[in-house]
2 protein chains.
Amino acid sequence: MVQLDQQAAQAPILTRGSGPLDQALRARARRVVPGGMYGHLDVEMTHLPVNFPQFYETAHGATVVDVDGNEYVDLMCSWGPVLLGYAHPGVEEAVRRQAAIGDINNGPSARMVELAELLVDTVSHADWAVFGKNGTDATTACCTIARAATGRRKVLKATTSYHGSNPPFTPIMSGVTAEDRANIVEFAYNDLASLEAAVAAHEGDVAAVIVTPFFHDGFGDLALVDPAFAAGVRAVCDRIGAVLILDEVRAGFRLDLRGSWESLGIRPDLSAFSKALANGYPISAVTGTDALREAANGVYLTGSFWLQAVPMAAAIATITEAARTDAVGRMTTLGERLLTGLRSIATSTGIPMIVSGEPTMPKIRFEGDPEMRLANLFCGTALEHGAFLHPWHNWFISAAHTEQSIDLALAAAAAGADVVRAAL
Amino acid sequence: MVQLDQQAAQAPILTRGSGPLDQALRARARRVVPGGMYGHLDVEMTHLPVNFPQFYETAHGATVVDVDGNEYVDLMCSWGPVLLGYAHPGVEEAVRRQAAIGDINNGPSARMVELAELLVDTVSHADWAVFGKNGTDATTACCTIARAATGRRKVLKATTSYHGSNPPFTPIMSGVTAEDRANIVEFAYNDLASLEAAVAAHEGDVAAVIVTPFFHDGFGDLALVDPAFAAGVRAVCDRIGAVLILDEVRAGFRLDLRGSWESLGIRPDLSAFSKALANGYPISAVTGTDALREAANGVYLTGSFWLQAVPMAAAIATITEAARTDAVGRMTTLGERLLTGLRSIATSTGIPMIVSGEPTMPKIRFEGDPEMRLANLFCGTALEHGAFLHPWHNWFISAAHTEQSIDLALAAAAAGADVVRAAL
């Protein structure tokens, strides 16, 4: 069992969570924002512990601070973008330097070329790169490039895998038409037979298979990729002349800077990156192989802010620093400490908590808890004890975590486990 | 005829344009970016005067500077986002202040509420607001909300009107499937009969009509909105229970801060804003009426960077400053000076140049010039004389322009006109 940091384990217990300033902002928000919130947070505010704050003031390193001044050891990293820690000095300095020169203009800055060169040097399969703002911009571009290259229509994706918030992919069907989904075909992750069945059902019309580096979606447990599945997806795409798209938007740069399947020896044709690319600055990227260069050049990819120099400078600083400091290696070691600690807590308290996922992107789930009452009790209590642990979304480790901050999170988790055990 | 500023008219003529640093970056870009560029710039680099630079270094006020250090009076405003001028002190100060506090976090900051309140106070039809990054995020959200509210599928748009770079709307069909367009129906701008025909062809299935405040797309002339058309669109939507979406992404805040059709007495149900909202910082917004609040709350709207506090702080500063200084009024006066001057140049030189559009968003076109040879000669010459004038896209005035900078642009245009006249 992991040795908890003694100071962390003995830290005084404070009651923290949504306070009067957060509540006042919620009341104001309800008047001018439908439901008081949009997006995944809208979905989640109704599925979160009641003491979770909605509004935040600041953040540094591995710590977030809500509008009432409560500090939490953070394991969400702004839902992924924060890779090196909040307000990372090196990234912030690169941002200040570029902002003093220029950001948006009538065309790109030299940063666009430098960032594309850096991605080509860093990501093994990449011969070229193009840039957008949202992860959805990147996954959409991948699908469009694949269709342009193949002259086919169908994109095969794993059931419940999330690939974007646009109508073809959004997990909520309100306002989505059948036509929006007409060319999306589903198979089961880690199940080559189901992929083959989907291919057979649309023979000659499969433009692409889009897949995440591991299965990190849905309300069940996460699943590491079966290496035979990864190899099988590559073989299927090669056999039928379809494009293999690796959706790295969520996992990219938290498993392997070279590409998340590089250690398996599997390279995609296109990759979609976004969240962690610039440590929180808004940018996404598609990287691709020479075989798809002409198709990528022929499709229409544009947005009003897609040439901004500052997020590109932030991305250059983030990737360079992550490589220089072996951020993935350090995050993985800390993530393993977290996973080990969480599993020890579950075992020692006997609570039915299952921990799944990659060390840098773990997730918890309670058996027999479809309404997430136990998960919310666990995470609500952990929040009071100073750690932001999400009850049903995967967590994210950043390179700003330390053994001490992980142990603080584990101490808060232990307090949550005690309350869950008492409630059972 | 407008009186040209004497100093500007007598400014020394310098040869400017793509230089050795720009050429070197282009060569590097061709290796790591398909075609050396993506997006509208990719489309346009092959349709621009050969001396136009691709890469830019910095910008201030109404001036852009390319990587070779050439300065130009700018009439593109980064394709629209720059409303108050590049590096506007008030906006930059708001950005620095917010950046020192926080930007991305596990939830929104108070700026989200403040910006939504400001939009509700500023935009006449708005009862609420939600935020994204791209203009396309906003137009997509409008369509989804309209479909959710009505339970219908079809979105009616004007032929060649641009409403986003995603498959349903992109002007280039490479990689776009028929299904992506299955629910898009076209009519002719300013032509109520064609709108009625489109409605009749899809009776009972029209979710929305999406329309720009004036006709600002395509390779022909721009067209001001016919007030009877605007009123007719509103009446049709009311009659059939469809949602009227005003796509303000390009024109928003350059015609009227209250909404571009407010002076006509026509209010939309939903508006999509982006470009000028935060003076170049990446944000978009949907504003809507109470009748669509529930539908907006029920659809899935999210992106990794959609809660960033800094662009929201920039938007608050931009809108506040634009209102305080009557930016629209000042830009309109300067735009009229520009239009008058351009038309005088055309008349006095006899070149077949047609100037169309709103004063703050004008466009030039040469009669009998389908390959834009005259337009490129005109704008290439103007560039050498220090003004960035686009040969086929609409231009944008910012509030940082002055009579002197407009006159500098006119002096450059006059030089272009002389070369065109000599070539005819």
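How close do the axes of α5(A) and helix α10 (residues 309-324) of chain A come, and at what angle do they cross?

**Entry 1: α5 and α10 of chain A**

I noted at the start that this is a predicted model. I looked up the two helices and found that their axes come within 9 Å and cross at roughly 30°.

From α5(A) they are Arg111(A), Met112(A), Glu114(A), Leu115(A), Leu118(A) and Thr122(A). From α10(A) they are Ala309(A), Met312(A), Ala313(A), Ala315(A), Ile316(A), Ile319(A) and Ala323(A). Sorted by class, the contact of α5(A) with α10(A) holds 10 nonpolar, one polar and two charged residues.

**Entry 2: chain A against chain B**

I turned next to the contact between the chains. Chain A puts in 85 residues, and chain B puts in 85 residues. I went through the elements of chain A that give two or more residues to the side touching chain B; among them are α2 (20-32), α3 (39-45), β1 (56-60) and α9 (293-298). The helix α5 (110-122) of Entry 1 is also one of these elements. The element that gives the most is α6(A), with seven residues. By class, I have 42 nonpolar, 32 polar and 11 charged residues on the side of chain A that touches chain B.

**Entry 3: α7 of chain B**

Which residues of helix α7 (residues 192-201) of chain B are buried? I found Leu195(B), Ala198(B) and Val199(B). They lie on the same side of α7(B), because they cover an arc of only 100° around the axis. I recalled that an α-helix has 3.6 residues a turn, so residues three or four places apart point the same way. On the other side of α7(B), I noted Ala193(B) and Ala200(B) as exposed.

I also checked what covers the buried residues of α7(B): the cover includes the strands β5 (154-158), β6 (184-187) and β7 (206-211), and the helix α8 (227-240), of chain B.

**Entry 4: α7 and α8 of chain B**

I followed up α8(B). The axes of α7(B) and α8(B) come within 10 Å and cross at roughly 20°, which makes α7(B) roughly parallel to α8(B). I recorded this crossing as right-handed.

In α7(B), the residues that meet α8(B) are Leu192(B), Leu195(B), Glu196(B) and Val199(B). In α8(B), their partners are Phe229(B), Gly232(B), Val233(B), Val236(B) and Ile240(B). I counted seven nonpolar, one polar and one charged residues in the contact of α7(B) with α8(B).

Terms used. Residues are numbered from 1 along each chain as its sequence is written. Chains are lettered from A and ligands numbered from 1 in the order in which they are written. This is a predicted model: local features need pLDDT of at least 70, side-chain atom pairs count only at pLDDT 80 or more; totals for chains, interfaces and linings use all residues. A residue is buried if 20 or more other C-beta atoms lie within 10 Å of its own, exposed if 12 or fewer, and partly exposed in between; C-beta atoms are placed from the backbone. Helices (H or I, at least four residues) and strands (E, at least two) are DSSP runs, numbered from the N terminus. The arc is that of the directions from the helix axis to the C-beta atoms. Two residues are in contact if their C-beta atoms, placed from the backbone, lie within 7 Å. Ala, Val, Leu, Ile, Met, Phe, Trp, Tyr, Cys and Pro count as nonpolar, Asp, Glu, Lys and Arg as charged, and the others, Gly among them, as polar. Axes are lines fitted to C-alpha atoms, for helices over the stretch in contact, and angles run from 0 to 180 degrees between N-to-C directions. Angles under 35 degrees count as roughly parallel, over 145 as roughly antiparallel, 65 to 115 as roughly perpendicular and the rest as oblique. A crossing is left-handed if the near helix is turned anticlockwise from the far one by less than a right angle, and right-handed if clockwise.
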